[in-house]
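Here is a short report on one protein. Look at the sequence and the fold, then read on.

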Amino acid sequence: MPLLTAFHHVAIIASDYARSKAFYTEVLGLSVIAETYRAERDSWKLDLALPGGGQIELFTFPDAPPRPTRPEAQGLRHLCFAVSDLDAAVAELEAKGVTVEPIRLDEGTGARFTFFADPDGLPLELYET
C-alpha cells in the first residue's frame, strides 16, 4: 500500500485577500468550498475546489514577507493546471487582463505549456493535456 493516496491541497499566502480571491474565483473560475475569518490571527482562509479533486487554501497574514525571487527560489517552484485547449485558455486569461508568457513546447513530452502569475507574482503554469 503506498504511503500517499492522493493530492489534497496547496496553500498560498496572499498579500491582498480581496484581490487574490477575485483572481482565483473570477479569473480562474475556482469555486469556494469555505471562507473563514480568524480574528485571533487577523487572517482570512479561503478553501477553493480544483477540478478533478484537490484544493487551494488561500490565506492572508499580517506582515507576511514577499516571495524572495522568481521563479527559482528554493521551495515551491510553481503550480500547474491542466487544460485541454491551451489557446482558448490563454485567450480567456488575456481577455481578463492577465499577462501570459509565449507558449512553449515541452521537449520531453511534446506538450504545449505557458506561464502567468497570480496577483502576488506566484508563477502559475497551464499545461495542455
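Just after helix α1, glycine 29 has a positive phi of about 80°. The model is predicted: local features need pLDDT of at least 70, side-chain atom pairs count only at pLDDT 80 or more, and totals for chains, interfaces and linings use all residues. Residues are numbered from 1 along each chain as its sequence is written, and side-chain values use heavy atoms, with hydrogens and water left out.

Helix α1 covers residues 17–27. At its start, a side-chain oxygen of aspartate 16 comes within 3.2 Å of the backbone nitrogen of alanine 18. Tyr17, Ser20, Phe23, Tyr24, Thr25 and Val27 are buried in α1 (buried means under 20% relative accessible area, with a 1.4 Å probe and protein chains only). An α-helix has 3.6 residues a turn, so residues three or four places apart point the same way.

The protein has two helices and eight strands (DSSP runs: helices are H or I of at least four residues, strands E of at least two, numbered from the N terminus). Their order along the sequence is β-α-β-β-β-β-α-β-β-β. The radius of gyration, 16 Å, is close to the 14 Å that the globule rule gives for 129 residues, so the protein is as compact as a globular protein of that length. That radius is taken over C-alpha atoms, and the rule is 2.2 Å times the number of residues to the power 0.38.

Some whole-protein values follow.

| Property | Value |
|---|---|
| Box filled by C-alpha atoms, along the principal axes | roughly 50 × 45 × 30 Å |
| Buried share of the 129 residues | 36% |

Note on methods:
Buried means under 20% relative accessible area, exposed over 50%, partly exposed in between (1.4 Å probe, protein chains only). A polar contact is a pair of N or O atoms within 3.5 Å; within protein, one must be able to donate a hydrogen and the other to accept it, and residues adjacent in sequence count only if both atoms are side-chain atoms.
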